[in-house]
Amino acid sequence: MEWHDEGIVLGARKHGETSVILEVMTRAHGRHLGMVRGGRSRKSQPVLQVGNRVDIVWWARLDEHMGQFQVEALELNAARLFESACAVYGLQTIAAHLRLLPERDPHLGLYEMLGLLLSHLDDATAAGELVVRFELMVLEELGFGLDLSECAATGQREELTYVSPKSGRAVSRDAGQPWHDKMLPLPAFLIAGPGMRADLGAIEQAFRLTEFFFTRHVYEPRGLTPPDARIGFINALRKHTAGKHHVPGDSAV
């Protein structure tokens, strides 16, 4: 059994004296594990870092075996990303979400979104929006996607302000007002065009929205909790925003 694909490194763990078990998200073969012989060598270690894009050949005697990888670098992102707290926590969060999906199931849309994220994770201004949109895509792939296209009650597409916690569908301002205290807020940037940028408050609101549905449909049924890295990512966004607003020379009284 053998295939050739490209992938993005999600993690690696030691195996024996010289090898590693590498976890990658591949374009055509989903999240996949394989052993890299000699993966702990000085030559291989820089290539097998989280966030790097790699060329992969996988082979095994039987398809159900873990098999072995032969790996070559395509794009070394790790050194750049590891300098940013947002990027480090973001990568860990994304990897945790991808592990919710069945191993070896292809998800081309998620793979391409992951590639986009790698270009922007160290830009905190863009990273928050991109990661929360990635979470919406993961919910969709798991079968629990939100429908934010029109009001669940009236079918209108304007003034969508809420999300129903029961159906996961958008609700307009007027239709949801009588039950506003039971509705989930819908941040406008999630349904607006790409030209609309979100502030920190809207991004945190969006993360609360996705966490609600992850918890209901995924975490609680599987006995899981949200990944710690997700909290670290949101805290890194807060710290970045606070730093932008800090005026040198100011001091708290």
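Glu-6 is partly exposed, with a relative accessible area of 23%. This glutamate takes part in one of the salt bridges of the structure, which is a predicted model, and its partner there is Arg-27. In total, 13 salt bridges are found.

**Glu-6 and Arg-27**
- The side chains of Glu-6 and Arg-27 form a salt bridge with an N to O distance of 3.7 Å.
- Glu-6 belongs to strand E1 (residues 2-15) and Arg-27 to the loop between strand E2 (19-26) and strand E3 (30-36), so this pair ties together parts that lie 21 residues apart in sequence.
- Arg-27 is partly exposed, at 31% relative accessible area.
- Both residues also belong to a network of salt bridges that links Glu-6, Arg-27, Arg-53, Glu-75 and Glu-112.

**Glu-150 and Arg-169**
- A salt bridge joins Arg-169 to Glu-150, and their closest N and O atoms are 3.8 Å apart.
- Glu-150 sits in the loop between helix H4 (124-141) and E6, while Arg-169 sits in the loop between E6 and E7; the pair therefore ties together parts 19 residues apart in sequence.
- Arg-169 is partly exposed, with a relative accessible area of 27%.
- Glu-150 also counts as partly exposed, at 23% relative accessibility.

**Glu-204 and Arg-238**
- Arg-238 and Glu-204 form a salt bridge in which the closest N and O atoms are 2.7 Å apart.
- This pair links distant parts of the chain, with Glu-204 in helix H6 (residues 200-222) and Arg-238 in helix H7 (residues 228-245), 34 residues apart.
- Arg-238 is partly exposed, with a relative accessible area of 37%.
- Glu-204 has a relative accessible area of 17%, and because the cut-off for buried is under 20%, Glu-204 counts as buried.

**The sheet of E7, E6 and E8**
- Three strands make up an open sheet in the order E7-E6-E8, and their pairing is antiparallel.
- Strands E7 (170-172) and E8 (184-185) are at the edges with a single partner strand each, so one side of each has no neighbour in the sheet.
- Strand E6 (residues 160-163) is joined to E7 by three bridges, and the two run antiparallel.
- Within this pairing, Leu-160 stands opposite Ser-172 of E7.

Key. Residues are numbered from 1 along each chain as its sequence is written. This is a predicted model: local features need pLDDT of at least 70, side-chain atom pairs count only at pLDDT 80 or more; totals for chains, interfaces and linings use all residues. Side-chain values use heavy atoms; hydrogens and water are left out. Two strands pair if DSSP finds at least two bridges between them. Helices (H or I, at least four residues) and strands (E, at least two) are DSSP runs, numbered from the N terminus. A salt bridge is a side-chain nitrogen of Lys or Arg within 4 Å of a carboxyl oxygen of Asp or Glu. Buried means under 20% relative accessible area, exposed over 50%, partly exposed in between (1.4 Å probe, protein chains only).
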